[in-house]
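Please look through the structure shown here, which the paragraphs below describe from the overall fold down to a ligand site and a helix packing.

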Amino acid sequence: MAKIYSEVSRFDAKSTNRDDEVATTSGVLNLPTKIIPEASELTEHGNAIVISVVNQKGGVGKTTTTINLGACLAELGRRVLLIDFDPQHSLSVGLGISTRKLDGSIYNLMMDESTNIEDLLLKTSVPGMDMIPSHEDLAGAEGGLLNVIAREKVLKRVLAPVLDFYDVILIDCQPSLGLLTVNALTASQGVLVPLECEYFALRGVALLDDIIGKVQKNTNPDLQLTGILPTMFDRKTVHSREVLERISQAFPEKVFDTIISRTVRFPETTVAGEPITTYASNSSGASAYRRLARELIAMGGVR
Ligand SMILES: Nc1ncnc2c1ncn2[C@@H]1O[C@H](COP(=O)(O)OP(=O)(O)O)[C@@H](O)[C@H]1O
Ligand SMILES: [Mg+2]
């Protein structure tokens, strides 16, 4: 596979694709190998595609995926905005942002219509990637929104002024399917579901699929399941493979070919406060998220 790349690749400086190190659904399930092409170059920016990263289970790789997929899309020249939409603010921490020193967070934007989103955009260490931090206060937002008119559409209104600047906005959701997550889904065109390769994971996806259907019916007919991303994969265990097989059967064509394997490098990046693409640029974890970014572009999930 590496050989094919060196033959087709035209941008040598950028073409450090190391896809042969990345576990893939097609590889694990003995299907024909998929080659993910180089990303197209964007000639103009804006009209952002919004994707929610959702799973009601915690610890499945939502925040890690949001940070690293975002960083890889930015590496490919996309203008990226990350929204930390979890009161536990792991995304802010993972990008080295101390929530104690902030002027405001997504909470203020959700609760106070006079707050301006442009005032709260923060640059990250990755060129081309900005973020909006979260705060523990966000935990109170679900109650606070109950009496608001069109309470499912608040985040959509909040994001509207910056859609013209960014190419992609990724929303890191909290592990629940409550009103905040419904706000994220209402503001999005796509849903990306990181799924831990463990038994019982499938049950959770069925529930999530149900919520997606309800949001499509009630507040956002354009919402699509972009894809299911196998995470915490362990090549050595039989059950990781079995879970992958079952997810692929239950959601044909919806499981990403790129798999995120379990590696200690990810917890290390949280401590470092930066994406794996800069913390350990040559690691297989970085290669996996780079391949995911190209796969997402190739399938039209983002431009
Ligand atoms: N592929 C992986 N391999 C090993 N550890 C991982 C991987 N992805 C994430 N982690 C770690 O697992 C924990 C939970 O991941 P996180 O992305 O915060 O999940 P979530 O946002 O779904 O709660 C974190 O400590 C993170 O560093
Ligand atoms: Mg998280």
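**Fold, ligand site and a helix crossing**

The chain has 14 helices and seven strands, where helices (H or I, at least four residues) and strands (E, at least two) are DSSP runs numbered from the N terminus. This is a predicted model, in which local features need pLDDT of at least 70 and side-chain atom pairs count only at pLDDT 80 or more, whereas totals for chains, interfaces and linings use all residues. Residues are numbered from 1 along each chain as its sequence is written, and chains are lettered from A and ligands numbered from 1 in the order in which they are written. Taken along the principal axes, the C-alpha atoms fill a box of roughly 55 × 40 × 35 Å.

Around ligand 1 there are 17 residues, the closest being K62, T63, T64, F266 and P267; a residue counts here if its C-beta atom, placed from the backbone, lies within 6 Å of the ligand. Helix 3 (62-75) and helix 12 (265-272) each supply at least two residues of this shell.

Helix 3 also packs against helix 14 (residues 284-298), at an angle of about 65° and with the axes 8 Å apart; axes are lines fitted to C-alpha atoms over the stretch in contact, and angles run from 0 to 180 degrees between N-to-C directions. The two helices are therefore roughly perpendicular to each other, a term for angles of 65 to 115 degrees. N68, L69, C72 and L73 of helix 3 make the contact with Y289, R290, L292 and A293 of helix 14, contact meaning C-beta atoms, placed from the backbone, within 7 Å.

Conventions: Parallel < 35°, antiparallel > 145°, perpendicular 65-115°, else oblique. Contact = placed C-beta atoms within 7 Å.
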